[in-house]
Amino acid sequence: MDGVDERTRRAGSGRYPHALPGADRAASGAVCRGAGLRRLGQIDFEYRQGHWSRSNDWRVDPERGD
């Protein structure tokens, strides 16, 4: 199975794909970490208009692998 970075490169979906799991979702953070994403910190994320939640901002740089 291809890694996250290789799939992202092929899809051409931007330089910095992000994952925004809820800040209280430790298991989701473990999945992001295991997939090679880097945690940038917490943000308030609007999931649907008017519905805000605190999320951890994870990203991967497909060119560098972080």
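Analyst: Let's begin with a term: contact means heavy atoms within 4.5 Å. This is a predicted model, where local features need pLDDT of at least 70, side-chain atom pairs count only at pLDDT 80 or more, and totals for chains, interfaces and linings use all residues. Residues are numbered from 1 along each chain as its sequence is written, and side-chain values use heavy atoms, with hydrogens and water left out.

Now to Glu46. Leaving aside residues up to four places away in sequence, Glu46 touches His51 and Trp52. Glu46 lies in strand S2, residues 38-48; helices (H or I, at least four residues) and strands (E, at least two) are DSSP runs, numbered from the N terminus. Trp52 is also the bridge partner of Glu46 in S3.

How are S2 and S3 joined? They run antiparallel, with nine bridges between them; two strands pair if DSSP finds at least two bridges between them. Another of the bridges links Arg39 with Trp58 in S3. S2 and S3 form a hairpin with two residues between them, and Gly50 in the turn has a positive phi of about 85°. The side chain of Glu46 reaches the backbone nitrogen of that Gly50 at 2.6 Å.

Is Glu46 buried, exposed or partly exposed? Glu46 counts as partly exposed because its relative accessible area is 32%, where buried means under 20%, exposed over 50% and partly exposed in between (1.4 Å probe, protein chains only).

Next, Asn56, which sits in strand S3, residues 51-59. Asn56 has 9% relative accessibility, so this residue counts as buried. Its side chain makes a polar contact with the side chain of Arg39 at 2.9 Å. A polar contact is a pair of N or O atoms within 3.5 Å; within protein, one must be able to donate a hydrogen and the other to accept it, and residues adjacent in sequence count only if both atoms are side-chain atoms. Beyond four places away in sequence, Asn56 touches Arg39, Gly41 and Gln42, along with Ala19, Leu20, Pro21, Gly22 and Ala23.

Finally, strand S1, residues 18-19, pairs with S3 in the antiparallel sense over two bridges. There, His18 stands opposite Arg59 in S3.
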